[in-house]
Amino acid sequence: MNRRPIRPSDLQVLELIHASLFPVRYDIDFFLNVVNGLGIVSWGAVDVSRSDGHIDELIGFVTTRIIAVKESEIQNLLRYDTTRNDQTLVYILTLGVVEQYRNLGIASSLVREVIKYASSISSCRAVYLHVIAYNQPAIHFYQKMLFKLVRRLSKFYYINGYHYDAFLFVYYVNGGQSPCSMREVLAAVAAYLRGLVSNLAGKIWNGDCKRRSRGSRCKEINSLLVAKSKRIPYSDTAIC
């Protein structure tokens, strides 16, 4: 696997992979900004050992944006010099690997590239991102990559008529630190565990609906197709 910058020639493949992986639907301007490097820094992964001739076709990607700390939603989650206006963050917009190339360390390699990039910017204090609350594989992945769970955001996503919470993860670089006390860190862990239990209970209830096959609400939830989404105003519910 090799990494390289994402290029204009990747536009079609990039759109197809995003559509197959994410519940959020991105408009064409997002993809044009990615492939042309307009305000977005990105990396692609390719398999140079492919035997079908598509050795330069994307099999994975990560897209990011640099954001000023004072313009970010995590300003209060950082210890930083408030007298300086040049403090920045790197926000991970999307990260994905096509199915047949998963569990090969490609996503980890791409995230390490982001961390390396953020660390090379002297004014950068953290890398951060959101994960939808039911995406347990992604949650475990970022925890394995030593990102810190710092907040649960209530009703952050609105997808096909349903509200979903999100978890906010942060990886501190260049001396960036959490302002949380140990008590707040423990509260964050407790909030995550409560969310996990709630998620599991929902799955059990959902499975029960399938077995009984009755009730309009069960049918609506069981037939949920994540086709279009947008973010809505949210409230912080917890953490630190």
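Select Ile67 in strand E3 (58–68) and Leu89 in strand E4 (88–97) to begin: Leu89 is the bridge partner of Ile67. Strands here are DSSP runs of E with at least two residues, helices are runs of H or I with at least four, and both are numbered from the N terminus. The model you have open is predicted, so local features need pLDDT of at least 70 and side-chain atom pairs pLDDT 80 or more, while totals for chains, interfaces and linings use all residues. Residue numbers start from 1 along each chain as its sequence is written, and side-chain values use heavy atoms, without hydrogens and water.

Now show the whole of E3 and E4. They run antiparallel and are joined by 9 bridges; two strands count as paired if DSSP finds at least two bridges between them.

How many of the 11 residues of E3 are buried? The count is 8, so E3 is largely enclosed by the rest of the structure. (Buried means under 20% relative accessible area, exposed over 50% and partly exposed in between, with a 1.4 Å probe and protein chains only.)

Step into the loop between E3 and E4 and pick Gln75. Its relative accessibility is 31%, so Gln75 counts as partly exposed.

Helix H2 (residues 28–36) comes next, with Phe30, Phe31, Val34 and Val35 as its buried residues. Look down the axis of H2: these residues fall within an arc of 120 degrees, so they line one face of the helix. (The arc is taken from the directions from the helix axis to the C-beta atoms.) After H2 comes Gly37, with a positive phi near 65 degrees.

Finish at the largest pocket, with a volume of about 1,300 Å³. Select Phe22, Leu95, Asn135, Ala138 and Tyr142, the closest to its centre of the 40 lining residues. (On a 1 Å grid over the protein atoms alone, a pocket is an open set of points with protein on both sides within 12 Å along at least five of seven lines, and lining residues have an atom within 4 Å of a point; the volume is the space filled by probe spheres set on the points.) E4 gives the largest share of this lining, 7 residues.

How values were computed. 1 Å grid on protein atoms, 1.4 Å probe; cavity = no way out; pocket = protein on both sides within 12 Å on 5 of 7 lines; lining within 4 Å.
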